[in-house]
Amino acid sequence: MRYHLQYASPIGQLLLTSDGHHLTGVWMDRLPEPGSAPGDRIPALLQTKDWLDAYFLGEVPTGELPLKAEGTPFRKLIWGLLREIPYGKTCTYGDLAKQAAAALGRENMSAQAVGGAARCNPISIIIPCHRCIGADGSLTGYAGGLERKKWLLDHEQGRGRAL
């Protein structure tokens, strides 16, 4: 069974999804899947709501959420590396490509491949793909839109502003 919970955030309505035990998605600009049930009593969704409340209040959220991101092994590797980027910090796609190459025992990896995996991140904000930037420091590529990416980065660096 699939469950959903709507979350009103400063960057717009977020859709939280769960399989009943794990958080499976944090989506921007998306409606619940047909047949999914309201998840206002699902612990994983309630924990995520609390995590997001803290995050949007400007706190560094603590505690591990029960995440279950569906994807290829490569995407899961990239999403794991994204989770290692500290709150308020950024990392380039190229830096992540070097880390991924090392983890896979390869000599190199394309930054574009990392960007493609980041773009498919089903658990935005919590798997912080917004913290990944271009080699020249530019804000490139974000499924939620560059305005939201900028807002999230500014928020994490204590420079909150209206969206």
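The following questions and answers concern a predicted model.

Residues are numbered from 1 along each chain as its sequence is written. Local features need pLDDT of at least 70 and side-chain atom pairs pLDDT 80 or more, whereas totals for chains, interfaces and linings use all residues.

Reader: In what order do the elements of the chain run from the N terminus on?
Author: Helices (H or I, at least four residues) and strands (E, at least two) are taken as DSSP runs, numbered from the N terminus. The chain has five helices and six strands, and from the N terminus on these elements run β-β-β-β-α-α-β-α-α-β-α.

Reader: What is the radius of gyration of the chain?
Author: The radius is taken over C-alpha atoms, and the globule rule is 2.2 Å times the number of residues to the power 0.38. For 163 residues that rule gives 15 Å, and the chain comes close to this, so it is as compact as a globular protein of that length, with a radius of gyration of 16 Å.

Reader: How many disulfides does the structure hold?
Author: A disulfide is a pair of cysteine sulfur atoms within 2.5 Å. The cysteine sulfur nearest to that of Cys 91 belongs to Cys 132 and is 5.6 Å away, while the sulfur of Cys 120 is 10 Å from the closest one, in Cys 129, too far for a bond. The number of disulfides in the structure is zero.

Reader: Is Cys 91 buried or exposed?
Author: Buried means under 20% relative accessible area, exposed over 50%, and partly exposed in between (1.4 Å probe, protein chains only). Cys 120, at 29%, counts as partly exposed, whereas Cys 91, with a relative accessible area of 11%, is buried.

Key
Heavy atoms only, no water.
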